[in-house]
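The following note is meant for a colleague who is meeting this model for the first time. Please keep the sequence and the coordinates at hand while reading the numbered points.

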Amino acid sequence: MTSQYKTIDELGRMLRSGDTTPTQLAREAIERLDTVGRELNAVVTITEERAMREAENAEREMKEGIDRGPLHGIPYGAKDLLAAVGYPTSWGAEPYKDQVFDEDATVVRKLRDAGAVLVAKLAMIELAGGAGYEQPNASFTGPCKVPWNQNAWSGGSSSGSGAAVASGCVPFAIGSETAGSIHSPANNCGTAGLRPTFGRVSRSGAMALSWTMDKIGPLARTAHDCGLVLDAIAGNDPADPSSMRESYHYPGTALPARPYRFAVIPSEIHSAQSEVVENFQASVEILSQYGSVEEVELPEHPYSEVTALVIRAEMASIFEDAIRSGKLRNLTAPEDRINPYTALAIPAVDYLRAMRLRAKICHDVDTLFSGYDAILTPTMPNVAPPIDQSFNAFDSSRRRRTFGSAVNITGTPGIAVMNGFGERGLPTSLCISGRTGSENTLLEIAKLYQSETDWHAKTPAI
Amino acid sequence: MADEKLVDAFVAQVRASIDHDIEDEHIERIRKGIDDKLNQGATLRKYPLENGDEPFTVFRAYRDES
């Protein structure tokens, strides 16, 4: 029985019934990553030696009756900004492609402790997009392709994480999001992608792009699988001062049996491609069986400007030495070699003004979100762009993402799930967002949606 | 469009603060990038703030309790 396109739950049942073994799953994942994954430019490094060692450990433990839980023996890939002992951590960037760290990132360690098997470091946009890339070809491993249509870009910056899950190479992968980097590949590739609350998952051992905005989260086939992974990687970490003190568990306590309260934002819908709008409206129709739907608008704030200034200023500080020394002149995308210079010129007062406005934004967005269990929007206004065009040439009119900026600047959670197909046979996606700390509510709603549809079970012909 | 003299000043600041030369062909992109960021800052200044509006990151005095 093949393991491709199986969920974590399905693989767990196969493992426990003896239909497969951790070493067999690891070998199958590695073989597919080495063929399909490389064809898609989704892979940086296959961590074969470590994978087989971890898989053999899992196999031995399972034979001894030790069960580490739902991820025990399950292969996964990590975005190549997460340190893993024994392998380079490239940050997707030519100038850093040989750097190594002598300690696992906290997320990688937690997954190891949960019995998961690291099979690959996955491709990403160089420096997680922090240099301001304007095209798919912005990684030293080349532009990452969508399994559904290889002439389209997989999204970024967690490019390989989306493509590897969507192509059945791994049942889940870890990505990171500063301002859209989990939801973009989830949208473009048709996977589930969970952006946790800021601080829910430790960033220790992950490349820093923006201290106040970086989040780490899973991409998987289903919302339930995202919950299982989040349960393993969440939690306080003294090594990350911003990590939340409160614990997290999935599944959480049973939710009260009452109708949900949903909100939609008309301005986020009307700017989207027509198929995106149609699929979104069909999704809302399905969820409306479970509760009320109201129209709301975001409070008036300069979300995009605040987001841009915060990320660029923090990035300029983090990479200041590399910018000043000229190290970033070897990045892949020509614009990435130049854009970082401009961030050196952001006045401190502008950064501080952005952070002062951010406090107001957080208050006002929480006030709005507190009236609803979830805010429903299209994850992106368009399907994946062509692999060989600049983003501006594809659809510059849809690039301003007010809601995407609002949820990232506020650090609030959201889950993306596939909800149909749009132009060129490419996936579209529904985004379910909520208040700080509301991951379990969002996961329950996403699970309800996936129980009523089968988009998550569809597989590309690759 | 930000004030050209201000943009020029920031371009000069960038050129003076790095350890290498920037090719002339790239200066226009840098000018554009700086102009964009100054405009973003100008947009923020349209939103009023009170004296007591602190940045979202809150400083806490440190004491090691370990």
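**Notes on the model**

1. Helix 7 (residues 223-233) of chain A lies across strand 6, strand 7 (192-195), strand 8 (215-220) and strand 12 (414-421) of chain A, and runs at about 140 degrees to strand 8 of chain A. Helices (H or I, at least four residues) and strands (E, at least two) are DSSP runs, numbered from the N terminus. Axes are lines fitted to C-alpha atoms, for helices over the stretch in contact, and angles run from 0 to 180 degrees between N-to-C directions. Two residues are in contact if their C-beta atoms, placed from the backbone, lie within 7 Å.

2. This is a predicted model, in which local features need pLDDT of at least 70 and side-chain atom pairs count only at pLDDT 80 or more, while totals for chains, interfaces and linings use all residues. Residues are numbered from 1 along each chain as its sequence is written, and chains are lettered from A and ligands numbered from 1 in the order in which they are written. The predictor assigns the complex an ipTM of 0.89 and a pTM of 0.96. For chain B the average pLDDT (the predictor's confidence in each residue, from 0 to 100) is 89, and 98% of the residues score at least 70.

3. Chain A contains 16 helices and 13 strands. Its C-alpha trace spans about 60 × 60 × 45 Å along the principal axes. Of the 462 residues in chain A, 60% are buried. A residue is buried if 20 or more other C-beta atoms lie within 10 Å of its own, exposed if 12 or fewer, and partly exposed in between, with C-beta atoms placed from the backbone. Among contacts in chain A between residues at least 6 apart in sequence, 78% join residues at least 24 apart.

4. In chain A, 11 strands form an open sheet of mixed pairing, in the order 1-3-2-6-8-7-12-13-11-9-10. Strand 1 (43-46) and strand 10 (291-295) of chain A each have a single partner strand, so one side of each is left without a neighbour in the sheet. Neighbouring strands of this sheet are turned by 25 degrees against each other on average, direction ignored. Two strands pair if DSSP finds at least two bridges between them.

5. How many residues of strand 2 of chain A are buried? Five of its five residues are. Strand 2 (residues 75-79) pairs with strand 6 (residues 172-177) of chain A in the parallel sense over three bridges, and A:Tyr76 stands opposite A:Phe172. Strand 2 and strand 3 of chain A are also parallel, over five bridges, with A:Lys79 opposite A:Leu122.

6. A:Gly193 faces A:Leu219 in strand 8, and A:Leu194 has A:Ile415 in strand 12 as its bridge partner. In a regular strand the side chains alternate between the two faces of the sheet. Here A:Ala192 and A:Leu194 point one way, A:Gly193 and A:Arg195 the other way, and all are buried.

7. The contact between the chains takes 30 residues from chain A and 26 residues from chain B. On the side of chain A, two or more residues each come from helix 10 (303-318), helix 11 (320-325), helix 12 (334-343) and helix 13 (348-369). Helix 13 of chain A gives the most, with 10 residues.

8. Helix 12 of chain A is mostly covered, as seven of its 10 residues are buried, among them A:Ile338 and A:Tyr341. The cover includes helix 10 and helix 11 of chain A together with helix 1 (4-17) and helix 2 (24-44) of chain B.

9. A:Leu331 lies in the loop between helix 11 and helix 12 of chain A. A:Leu331 is buried, with 26 other C-beta atoms within 10 Å. A:Leu331 and A:Pro95 are 236 residues apart in sequence, yet 6.8 Å apart in space, C-alpha to C-alpha. Residues that A:Leu331 touches include A:Ala93, A:Glu126 and A:Asp336.

Definitions and conventions:
Lists of a residue's contacts leave out its neighbours within four places in sequence.
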